[in-house]
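Open the model in your viewer and keep the selection tool ready. This tour goes from stop to stop.

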Amino acid sequence: MSSHYLSPEPLSASGRSSEKMSLPTLQSKMKCDPEGYETELLLVYNQFKSSLELFKQQADLGFKSVTGSGGSDPTVAKDLADRAMFLAHVTPFYPAQLAQFPSQLSEFLHSSARTLPSGLRLHVAQALILLMNRKMVDIGDNLGLFMELQSYGDKALKILAYNHVIHSIKRMNLKHKNEAKNRALQNVLFRMLQLEDETKAKRALITLRELHRRKVWFDENTANAICSACFHPSSRIMIACLSFLLDYEKIEEEDDSDASSSDEDTPHKAHVAINREDIYKAHHKGTLASKKKKKAKLQRAIRSLKKQQRVTSEKSTSNYHTPLNHLRDPQEFAEKLFSRLQNSTKVERFEVKMMMLKVVARTIGLHRLVVLNFYPYFMNYITPHQNGVTELLAAAVQACHDMVPPDAVEPLFKQIIIKFVDDRAQPEAIAVGLNTIREICLRMPLLMTEDLLQDLALYKKSHTKAVSVAARSLIGLFRELNPSLLIKKDRGRQHVNSKARPKAYGEVDVLNDVPGLDLLKNDDDNEDSDDNDDDDDEPSLRGTDEMLASSDDEGLQITNTDSGSENDDMMSEDGDEIDENDSDVSGDEDEVEAEDEDEDEEEESDKNDGSGVKENTAKKRKFADFDAQLNDAEASLRTLKRLAKENMGSVPSDSTDGFLSNEDFRRIKELKAKQRLTQQGLVKKSSDAKSTAFRIPTSDELSSKRVDPAKLEVHVKRRMTKEEKLALVKAGREDRGKYISKAAVKQKKTGGLSNKQKEHKKAMPLVAKRAKVAKSRVEKRKKQQLSGKNFRGKKAWK
């Protein structure tokens, strides 16, 4: 009986016409009418069980087929595979009749997977995957089976089982995480990772790496299990784990760059500056069309800033860091791996030892550990001719932090100076050495001495650009860290703090108040100073009016006799100075009274303009006395306003009870975000603000980010060739539309006239017409004068 067709006996018994029917056709009909094909289902199920028993008997007897392949007859294997796939497809429609089928299939694959032919094993695995996708079989019962299937050497089966495990666990944790089920699955993989069998342990490590990279199992247990593979007896497992730990951040950076490139804002448009002037122009200046464009540009800039804030916040969280960040005991991990490195001097290759060295350095820098015997070990490899020396120097920089005693790093620091920064060394080596010294001093500034820094600063006069740039960067660093080590010429004119000193070893800043409170106080002081500046910038007439309003209380009578000589006609009966203590009237009432009295005095001055000069003009006030009284009046006005603010204004919360409100904390958060953006150069500073050219990162920021070896290398911008320039120009034209001339645009325009065209059609004013006529008349007269018969050219005989 063929494997794809059924015999006609059961079909005639069920009342249907006698015909051969293939399994795919019967499968489609069973899905349409499950109840009408129960007899055929039982027949195929019985055939499956009989084929299964026959296959087991042939396997036990060691049956040899005609083709000579051992194990079983290929026709029996094909029948068994076809019926297994058929029953797997129709199992959801017959749950009662095929209740035992999933367990039978799983048990068969568990017991005989290693001895099965590759084709039958692949088909049975596909049938079991189909049942698991339809939730007829739990993945927890078969995870060990599918992990074992990956170690049989069958490439197609290995890819199938691996993809199924990854996608099943990812789909299980898509909506919510079942911690109990995840823990059970993790224990299966953790136990397999500890096995001495290299193939199974490697497959378990690859699965855990992929689930951790996809952030499906991004917890402490998975990270520690991956890191524990560094101590596996097999060298291949250790190398695979080390490479994953070293390349993890590169994978994260590539993922972030891909996500940013898919956004609507291109990377070169991300750093857009925003200031108040741009916002004002977008809403108040220009035509409707120009304001619309400015608003759109402003919205794009705001979106890019928000995106950068989101990316930086994601990077600052623990979810971005490597599995090394989740180590339970990082000190033990670093010491244990370093001891294995020391003991594997003659066993492992040089590349493997460098990988172990970089992982230990990364762990020390990330957790700020103290492993004192690690730094002398570096001295064996720090030479300019060493293979991959920039990566070794980057690892040495990564292992330096402020918790390490300077005496432990000083021998390594001096060897870098001796080997790299020497007049007989190559310029590339000198540049790399200066960059490395700069990065180490950024983390441990106490290593640098005055004489050494001044000697290194002399390289700024080097004719090699890479060396001079590296020396200037070192000078710029110590302008911020410790300017006293530099000579006066190298300190610069605009250094921020000439008394800056690095912290001593073990010195820690202890917070006495809320972090960011100084920003809030400075912001309040700036607002107060802005208010005072506004008061000072008011016209002097307002100060004169206030003086006039306050002078009536003292009995002063000031009259204006002539509008042309206002400064000479201001008089008082007794030229006494105004005392600012005598004006204790509230601000609002004084302003109202001043306005009323100003109006009265304006009326009196208008009357006096017609009547002439009064008799009291003989008592004139001197200019010096008037200026003094004017200044005193303005000072008294500012004093009154300040007292009114102190008495009537809202008292800050921290000045009374020491508590901050929710608005204060919200304001502190905004000021911190603005300061962070200002430091990154994303927001333009005001013209009166002091701009700092270099920002010293904190120790936490330095330890969290990996040191890129490319930053230590020589970076001199070379001139682009013509082909590179053309490629750059063409790349910039990709997002731009095809060029169309203005004439073509005007021809295609279907609306009305533009504003420029309407301007040309407006009637010319009468003054412009007269000027045009006069100009044309003058030009006509000049033309007539030049059109006479007299020869006015150059004479030939001169």
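Select Val370, Leu372 and Met403. Together they form a nonpolar patch on the surface, with about 250 Å² of accessible area. Such a patch joins nonpolar side chains (Val, Leu, Ile, Met, Phe, Trp, Tyr) within 5 Å, from residues with over 30% relative accessible area and no salt bridge. Areas come from the Shrake-Rupley method with a 1.4 Å probe, and for residues only the protein chains shown count as cover.

This is a predicted model: local features need pLDDT of at least 70, side-chain atom pairs count only at pLDDT 80 or more, and totals for chains, interfaces and linings use all residues. Residues are numbered from 1 along each chain as its sequence is written, and side-chain values use heavy atoms, leaving out hydrogens and water.

Stay on Leu372. It sits in the loop between α16 (350–367) and α17 (374–378). Helices are DSSP runs (H or I, at least four residues), numbered from the N terminus. Leu372 is partly exposed because its relative accessibility is 45%; buried means under 20%, exposed over 50%, partly exposed in between (1.4 Å probe, protein chains only).

Next, pick Arg121 and Asp154. Their side chains meet in a salt bridge (4.0 Å, N to O). The pair links distant parts of the chain, 33 residues apart. A salt bridge puts a side-chain nitrogen of Lys or Arg within 4 Å of a carboxyl oxygen of Asp or Glu. Arg121 is buried at 8% relative accessibility, and Asp154 is buried at 17%.

Now go to Arg424 and Asp422, another salt bridge (3.4 Å, N to O). Arg424 is exposed at 76%. Asp422 is partly exposed at 24%.

Finish on α34, residues 766–786. How many of its 21 residues are buried? The count is zero.

Key: Helices (H or I, at least four residues) and strands (E, at least two) are DSSP runs, numbered from the N terminus. The expected span of a helix is 1.5 Å times one less than its number of residues. Patches are made of residues with over 30% relative accessible area and no salt bridge: like charges are joined within 9 Å, nonpolar side chains (Val, Leu, Ile, Met, Phe, Trp, Tyr) within 5 Å.
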